[in-house]
Structures are given as C-alpha cells and as structure tokens.
Amino acid sequence: MPEQVLVLIGTKKGVFIAQSDATRSSWELRGPFCETWPMQHVIGDPATGTIYGAAGNEWFGPAVWKSTDLGESWSHSSEGLAYEAGQEPIKAVWSLAARNGRLYAGVQPAGLFFSDDAGQSWTHMEGLQKHPTRPDWEPGGAGLILHSLVPDHADPDRIWIGISSAGVFFTGDGGKTWEPRNKGTRADFMPEGQNYPEFGQCVHCLVQAPGEPDLLYQQNHCGMYRSADAGKTWESIEAGLPSSFGFPAAVHPRDPSTLYLLPLNGDIHGRFVPDAKAAVWRTRDGGKNWQDMREGLPQKNAFFGVLRQAMAADRMEPAGVYFGTSGGALFASNNEGDSWSCIAEHLPSISSVETMVVAR
Amino acid sequence: MPSDAPPNTAPVIVKLSPLLVDLFPGSTRRVEMQADSVMAMVRELDRRWPGMGDRICDSRPAIRKHMNIFVDGERASLETILPPGSEVFVLTAISGG
C-alpha cells in the first residue's frame, strides 16, 4: 500500500498538517485544528496512527488533544492532568511521547504524567516532583517546562527528560526515582567557578540516537553535546558550528552518527539564524565534523528562529528533514538535508514539528 | 412565622460562553439546573459534559484566571451562593495575543 508522509505542525494558533506521498515533492496543507488552541507539541503514534497535541490555553488551561482519523476530527481531555489541590496549577502540556502502548506528557510547571488509555485519563508520576533538588529548580524564559521527553525505545523503565532550566534527569525504574545527568554541560549564566553544577543547566533539546540506546545528543542554551553513556557524562560537539546557541536537535531515523542542528546567533542577539542566513548543520560522524546545508534556504534578511521542538526527520529512505520557524514557515528536505524547499508559509508561529508515515 | 408559600425552587439559568460550548459537542449556550453555589453549578456542568469543569476551574481549586463568572451581574467566586432563579454568565475574559 502506498505511504503518505504527514508533517504535524504545532503552532501558537492550533494544529496544521502537511501531507505528501512518498516522494515528498508536493505538499497539501490542512488546518487549523483544535479550535486554534496554542499547541506546544504535536506527535503521531506510529503504532496506532493516532495524533496527539499538547496544549495550554490561557482561558481553558491544559489539555491533550487527540485525533484518530488523521486530523479530520478531534477530542480533548485533561482528566487527572492536575497537581494536588493547593499547588500551583498546571498551565500547559509541553511535550508528548508514545512508547509501548503508553503515552507520556511533560507539563509546566515541570512534571510528568502518563496515560494507558490513549490520552483519556492521566496519572501523575510523582517521583520526579519528589526529587530533592525540586525546590531549587529555576524556570527558563518560557517557564519551568518539561519540554524534552525521551522514553527508551527498548527498556520501558528508562526515561530521560529535559527541563528548562533544571537540566537533564534520568530514571531507570519507570519514574520512581530520578537522578540529574548533566556532567560536562555548562551553565555559562552562573558565577565564575560554578559553571558545571549537578543540575540547573538550561537544556533546550534532548534526543536519543536510533539503535544505540545509550547514545544521546543535546542542544543546550550553552553548547551542543554528545553522551555515549546514557547521559552520565557529556562531551562538547560545538567545534565547527557557528555558535554554541540554538534550540532544536533531530536525529536520523537509522544512522546514530547523523545529527541535525540549527544554531542561532546567540541568546542576546535576537536568536536569529546567524548573519540572517538560514542553514541546517549536519554531522555524519557524531559531531566531529559539521556541514552547513543552505541550498533552498533564505540567504538574505532571514530574521527568524526555530524553537526546541520544531525540527524532525521522517523514517523514509532517504530521510526527510523538516523545521518550522517563529515566522510561520515550514521548510522541508526530501534528501537528508542536502537541499530544501519552503512547503508552507504565513502560518502562525511554529512551536513543534514531528512526522508520521501512514499507509493509505 | 412560618410561611405557607412553597419553597422557591426556580432553576438557576446558566449562560455559557460560545467558545466553551464549541469545546463540548452537545452542550448548549443556555442551561437550566438546580445548584446552590457556583461550585455546585460547575460540578453539574461537568456531570452533564465531562471535562467542562476543568475548563472553567483549575486544581487549586479556583475559577481560572482568564475565566469570569457573573451571578446576577456581580463577579463571583466558587463559593458564591446561587439564589433560586439566579442568572449566571460563564465568560472568557480578554486574553490572548
């Protein structure tokens, strides 16, 4: 049966879906969906074909939206998606991940929930909130958000998360206990001599390499990193890149040594693509060497950024790579990043980009 | 002196924001119910349309920051008493960007 590639786009004003056949040379756009709720992260569960949207609405609070018919109709729920009475309420859902029949949700203020009934009801994984460092977690610019959510593909008890700006945490026991995993990542915003704390780093995006469960990559507020030991130690891979600042990171669907980054010009210079020229940077050797890919991307007057969840690859051969901008443009490559085209523009500001391949 | 008049059991009239009604298929802009407080009213709305309570109130619990409830023209809290026959508006405040 022919395959269709869906690019799931979370924006400040609802969900959009771009769809193409396997060639990924011509795209159709649908949306906006979900009553134009602000969407932080939209994912597809390849096991079921269900689309989920992580949302937080200024009027109506947090919810996870869901479509079982590829976006034609939607429902929403926040049953159980709450802290105890008296605590600061959940403002928004920020991240989603589906693994082994379970759906995970990261929220603001930072906490982790799971659902075993496809997002209808939620249970708080309280272990994270009970971590002894919790009173000292400081919010980043977007709030105290759990934005990176990486359940291990193989072992359901292993989960990594990234919180701005508490850093990376890991559980090996299904969420009962957690430990910080930030050794080797910098906190340049701390006083001199205190730049390598146990926690408090401003992680921006955390991803797991395919086929190598202990190989992780991280885009941080202060540098780009690689870990070959499940996050116990991190090494810098920023040499050769135009800056140490950026938000998203995307792994290749099959090659653990290929990583895509989109460095920006720094945290105090507008957070635009450097020199107002857009480029995705690709490594084929785990971060030792980098290649800037610009063909088809704007090389003049490009004053946009790309947020932490707004770049992804698909699982096709060759892999497609996609990113969405703060200015509402969606760029796509159907050849592993070698060349690019703009497949949607004038959308609301894009928060997230993910892909799902379905048979139709 | 005890009154011979029957107790006033006039229903509360609840008028919901169209944005809220859009989120719950089958819900209506105008709702009649028996409820003696705003909290009881929210519970009854949630019973009729599961999940609606979470859209109006947060987990503190309190009325959400950008939601407003007016009872007979006065801004209300969850504790506000609803006299029989009250008119209640559940509105979205000015918000967004």
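This is a predicted model: local features need pLDDT of at least 70, side-chain atom pairs count only at pLDDT 80 or more; totals for chains, interfaces and linings use all residues.
How many bridges join strand β20 and β21(A), and in which sense do the two strands pair? The second legend below gives the answer.

Figure 1. Residues are numbered from 1 along each chain as its sequence is written, and chains are lettered from A and ligands numbered from 1 in the order in which they are written. The model scores are ipTM 0.90 and pTM 0.96. For chain B, the average pLDDT (the predictor's confidence in each residue, from 0 to 100) is 93, and 95% of the residues score at least 70.

**Figure 2. Strand β21 of chain A and its two partner strands.** Strand β20 (residues 245-251) pairs with β21(A) in the antiparallel sense over five bridges. Strands here (E, at least two residues) are DSSP runs numbered from the N terminus, and two of them pair if DSSP finds at least two bridges between them. G246(A) has P263(A) of β21(A) as its bridge partner. β21(A) also pairs with strand β22 (residues 280-283) of chain A, again in the antiparallel sense, over three bridges. In that pairing, L261(A) stands opposite W281(A). Strand β21 (residues 259-264) is mostly covered, with six of its six residues buried; a residue is buried if 20 or more other C-beta atoms lie within 10 Å of its own, exposed if 12 or fewer, and partly exposed in between, with C-beta atoms placed from the backbone. L259(A), L261(A) and P263(A) cover one side of β21(A), and Y260(A), L262(A) and L264(A) the other.

**Figure 3. The open sheet β12-β13-β14-β15 of chain A.** These four strands are antiparallel and follow one another in the order β12-β13-β14-β15. Because β12 (145-151) and β15 (179-180) stand at the edges with a single partner strand each, one side of each is left without a neighbour in the sheet. Six bridges join β12(A) to strand β13 (residues 159-164). Along this pairing, L146(A) stands opposite I163(A), and I145(A) has S164(A) as its bridge partner.

**Figure 4. Strand β13 of chain A and its hairpin.** β13(A) pairs with strand β14 (residues 167-171) in the antiparallel sense over five bridges, and the two strands form a hairpin with two residues between them. The bridge partner of W160(A) in β14(A) is F170(A). In a regular strand the side chains alternate between the two faces of the sheet. In β13(A), I159(A), I161(A) and I163(A) point one way, W160(A), G162(A) and S164(A) point the other way, and all are buried.

Figure 5. The four antiparallel strands are arranged in the order β4-β5-β6-β7. β4 (39-45) and β7 (75-77) are the edge strands, each pairing on one side only. From one strand to the next the twist averages 25°, with axes fitted as lines to C-alpha atoms and angles running from 0 to 180 degrees between N-to-C directions. Strand β6 (residues 61-67) and β7(A) pair over three bridges, and V64(A) has S77(A) as its bridge partner in β7(A). A54(A) lies in strand β5 (residues 50-57) and counts as buried because it has 28 C-beta neighbours inside 10 Å. Not counting residues up to four places away in sequence, A54(A) touches residues including V64(A), W94(A) and A105(A); contact requires C-beta atoms, placed from the backbone, within 7 Å. The C-alpha atoms of A54(A) and A105(A), 51 residues apart along the chain, are separated by 7.7 Å.

**Figure 6. The nonpolar cores.** A nonpolar core is a set of buried Ala, Val, Leu, Ile, Met, Phe, Trp, Tyr and Cys residues joined through C-beta atoms within 7 Å. The largest has 110 residues, of which I9(A), A105(A), M311(A), Y322(A) and L330(A) touch the most other members. Strand β8 (residues 92-99) of chain A gives the most to this core, with six residues. A second, separate core of 25 residues includes V31(B), A35(B), V38(B) and M41(B). Leaving aside neighbours within four places in sequence, M311(A) is in contact with residues including P248(A), Y260(A), L262(A) and Y322(A).

Methods
Two residues are in contact if their C-beta atoms, placed from the backbone, lie within 7 Å.
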